[in-house]
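I opened this notebook to record what I looked up in the structure, element by element. The entries follow the order in which I went through them.

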Amino acid sequence: ESDSEDMYSSDDNSIETVSVVSKSTLQSTRQSSRSRTICGWRKYYSMPVDQLNITKTEKWKCQITTRSTRFKKWIIFATEEERLAFQNLVYSLQVKIKNWHQEHLMSELKASNSSPSTPVNLLVEIVSATGLRNADIGGLSDPFVKVRLGNRVLHTTKRIDNTLNPIWTTETNSLFLITDAMDEFFHSGYAVTFEVIDYDVLGKNAILGFARVPQGVLLKATGSRLEFPLEEIKNRRKSAGTLMVRCRQATQKDMQFMAKINSEKKMATKHGVANQSEFIKPVRPPSVTAKTMKKHSEEGSELIRVRPYPNPEQESETKWMTPDEIERMSYEESHKWIEAGSGSRGVLYVEIIGCDGLPNMDAGVNKRDKTDAFVTAIFEDAIVSTDVIFDCLSPRFMPWTRRAFSFLISHPWSPLLLGVHDYDTGSHNDAIGRVQVDLGNFAPNTEYILHYDLSNTAIVPNRKKIGTITIRLCLEYHDTTLQLHRERLSFPNRFRVNVQDKKDFRVAKFVADGGKDISKYSIETITMHVEELATCLNIVFYMYNALMFIYEWRGHIPLRFCWPYGKCGEVELLVPLHSIIAFVGAVLLVERPTLAPAMFTASLGWIMLAMLELKTSRPSPWARPPTYIETVKTLVTGEFTPQTITAQESCLADEIRVGADKKKRDEQVKYLTDMYNDKMKEWEVMTEFMGENLDLENIDTNTSKGFSTLPGRSILYPWQVWFAQLCQVRRTIESILTWNSYTPAFCITSASLGLGVLFLFIPWGFLTLWSARFVAWIVLGPWRKMMKNEMTLWEQRRITKEAKKKKNEAFEKEMEALQIQKEGALKMAALKKNIFGCFIVSCPCPMVKVDRYHDAPLPKSSAKPIAEENSKSSRINKKEKTRLQGQELAGVMVPENIDKHIDLPSVESSSDLMSSTPKKESSRAIKSPTSITVRATAKALRFIKGRKMPENES
């Protein structure tokens, strides 16, 4: 296509191609070097010069083929002289290109100060392609990529069905290594060719486009995302699409990772290369069902066999113990710990003490068969399980068993998810109950003994309480208080954990969300959402009580003072602070209407503070969040106040308070329901009197009989989605108003109070007056007609075209950012599947709690502060500790922290690194220096085998 001067003055990004124009002469071909269309001629075929072969010649025609794309075509010329000129031109171009690549190789060697035998190790990732043409009639193309270097096929990806914008991941063989010697890398071909091919089952695969990337571009790449426009052999379109590629020099860790991934794919397993199953799967000791579980001592006291096994260091003393001794022993310090997670903000220490009141999940022929309980814990990107306590409805996890975990914290608001299951050998494990432990209201440097009710789910109504669980918990933060609160104000990431098989997936799914999928179409789900939305009538009860509280000037702030007269002594007076604030605000608003913006924003903060005051007035310490003043003090001073809570503290008073509130709410709801029913009866009597024949028998607000006769999914499912969104909004508002989501509520309150104070200093009357004057005089006046310049039609079109161009450029940048974000998400998900397992469970980590029910510690829970010199970390460092790396990955292509997740093998041969290639695709084997070294080493080892080595010889 180009003359010799243009070709040899080009840079590394040039692609040497030859063009064949329809009915053209050699002179017109040379003249069209810088233009696609000159003198009426157009480019018809485009192919790489080094891949072009002239196989057959006749008088005025020749047959051209390509080595890689199997293209074959007869080109007809006007005369035999033109055919010879074309043939000589192709041969001369191939010689010149070969010489030019030899010069380029020498310059590369000189620049890198290396020899021709220097090994080339490149890690290449085929990222994605966009804008491919559709080569299928019944659907979209099924593209895959084949990478060639000369006659060799370096790599072939898997196909992605039915798409024109494919994204290749590690599941579809996006990563591969190029290992070669420097001279072989340059002499094997004049560029690395990436061919995007459409897969067809019956017919022949069609080439959608190809990109020629010079070796120098790949050698200089640093891992950034490179875009290469695709070309077609038949240039009938302006663009054949774009191919995105990443490339960089491969490190030893990259080679080891690729060897590990390739070996896993050859084994055809989906378990992942990181073996975390020993921590995820529960540990069940050998079966002891035939052994006696109870016996009596010589003194006559009842002894119980310690499960799952006695203390290995004191086996005789801990094999049989009384129930009181087992209970006391379960609260002792754990002997061994498992450290899990990827965070750096702090550490969460969790010990599973035991469970009580579990149902019997193994009831059958054998009366001694009972629940084989184990506990699974999920925190952020880590999942672990305890030992199995067999045949026990109130299991206790002893200190020497696997029950203690220290989770590294990434975000302070991440919840701890616990689930209890019954272990079964063959089938899936039976789910018993779960609990979500919210860490937001727990103080650091405090040891908590927490008791929780177990339930089946937190999102469906009428959830069942199935036993209780007891844990010991402690928090330690590495960050300063200011950094910690800054993290609390940020939105946490949504974590996902991968497991290896479906049995573990069922367990993790139940622990994460209760195993109930309410996104699927179901009449039951629609009815559940409608009933939840109907509970919004409770808001009327709260609003009515709040208005009456203010209207009747009820006192609520205790004020104590000494009365000097008489014998009264100290007097306590309840001050109606909210009524005073409402009265003063209403008077100021009436007298000065310009204070309306300040009053409106400040009233939001006032309402939030009133709701917080109602929440903190609860007698139970487990139901009380920190007060607003305490949180501000913590932010200013940077000190947390450790908590001291005794068991059953204010339990009776809180039960009385909750019962009284529930009784008032039920009475108010009953009053509203009765009033509604009376109005309906009156309306029915009036319609009958007016002669209307209305059928009201099927209208029943307490049942859902009418839903069974409604149309199916196509009509009801959109309503189900809309109802679900309304329920989410309702739960969000309720969670913020009731301060269950403490951080958003605190931010809204502080922002409202701050804006209310700021708006007091803004002259709203002055701004309103002059804004109205500006609109009336400037905007609506005749000045616009006087200032308007008459533009020509050409100028209007130019301005419109420029505006449209800027809009398209902004849209393309936005789409490119979304494409990169999508690529990163899909590739990271595929990497986690290859490393940790193919089953993914999404773990909730919301800043706003949107569950229908919230788990709170039972009244028998307790807390005590820990002295700094006797911190949890200092005691655990003396114990046996096992490290389980979290599933958080960082980096592109090969993760930077991959060596922390898997044991990388030592790679000695480059043959282990190359992807598998069919023998018929390869013309010759690659003899790299690395493989020669390995063969020589193996020969030397065979030579010295059996010979005694001297002591001073290594």
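Before turning to helix pairs, I noted that an axis here is a line fitted to C-alpha atoms, for helices over the stretch in contact, and that angles run from 0 to 180 degrees between N-to-C directions. I also kept in mind that this is a predicted model.

**Entry on a helix pair**

I looked up helix H14 (residues 577-591) and helix H15 (residues 596-616), and found that their axes come within 12 Å and cross at roughly 170°. Angles over 145 degrees count as roughly antiparallel, and H14 and H15 are therefore roughly antiparallel to each other. I then listed the residues that meet: from H14 these are His 578, Ile 581, Ala 582, Gly 585, Leu 588 and Leu 589, and from H15 they are Ala 596, Met 599, Trp 606, Ala 610 and Glu 613. Sorted by class, the contact of H14 with H15 has eight nonpolar residues, two polar ones and one charged one.

**Entry on strand S20**

I next asked how many residues of strand S20 (residues 373-379) are buried. The count is seven of the seven, so S20 is largely enclosed by the rest of the structure. When I checked the directions of the residues, I found that Ala 373, Val 375, Ala 377 and Phe 379 point one way from S20, while Phe 374, Thr 376 and Ile 378 point the other way, and that all are buried.

For partners, I found that S20 runs antiparallel to strand S23 (residues 416-422) and is joined to it by seven bridges; in S23, Leu 416 is the bridge partner of Phe 379. S20 also runs antiparallel to strand S21 (residues 382-385), here with four bridges, and Ile 378 has Ile 383 in S21 as its bridge partner. The hairpin of S20 and S21 has two residues between the strands, and in this hairpin Glu 380 takes a positive phi near 55°.

**Entry on a four-stranded sheet**

I traced an open sheet of four strands, in the order S9-S8-S11-S12, with antiparallel pairing. Strand S9 (152-156) and strand S12 (206-213) are the edge strands, each pairing on one side only, and the twist averages 25° from one strand to the next. Strand S8 (residues 143-149) pairs with S9 in the antiparallel sense over four bridges, and I noted Thr 156 in S9 as the bridge partner of Lys 146.

The side chain of Thr 193 makes a polar contact with the side chain of Arg 212 at 3.1 Å. Leaving aside neighbours within four places in sequence, I found Thr 193 in contact with Lys 146, Val 147, Arg 148, Phe 210, Ala 211 and Arg 212.

**Entry on a three-stranded sheet**

Finally I looked up an open sheet of three strands, ordered S4-S5-S6 with antiparallel pairing. Strand S4 (52-57) and strand S6 (72-76) stand at the edges with a single partner strand each, so one side of each is left without a neighbour in the sheet. The twist averages 30° from one strand to the next. S4 runs antiparallel to strand S5 (residues 61-66), to which five bridges join it, and I noted that Leu 52 stands opposite Thr 66 in S5.

Note on methods
Residues numbered from 1 in each chain as written. Predicted model: local features only at pLDDT ≥ 70, side-chain atom pairs only at ≥ 80, totals over all residues. Heavy atoms only, no water. Pairing = 2+ DSSP bridges. Polar contact = N/O pair within 3.5 Å; in protein donor to acceptor, adjacent residues only side chain to side chain. Contact = heavy atoms within 4.5 Å. Parallel < 35°, antiparallel > 145°, perpendicular 65-115°, else oblique. Nonpolar A, V, L, I, M, F, W, Y, C, P; charged D, E, K, R; others polar. Buried < 20%, exposed > 50% of the residue type's maximum accessible area, 1.4 Å probe, protein only.
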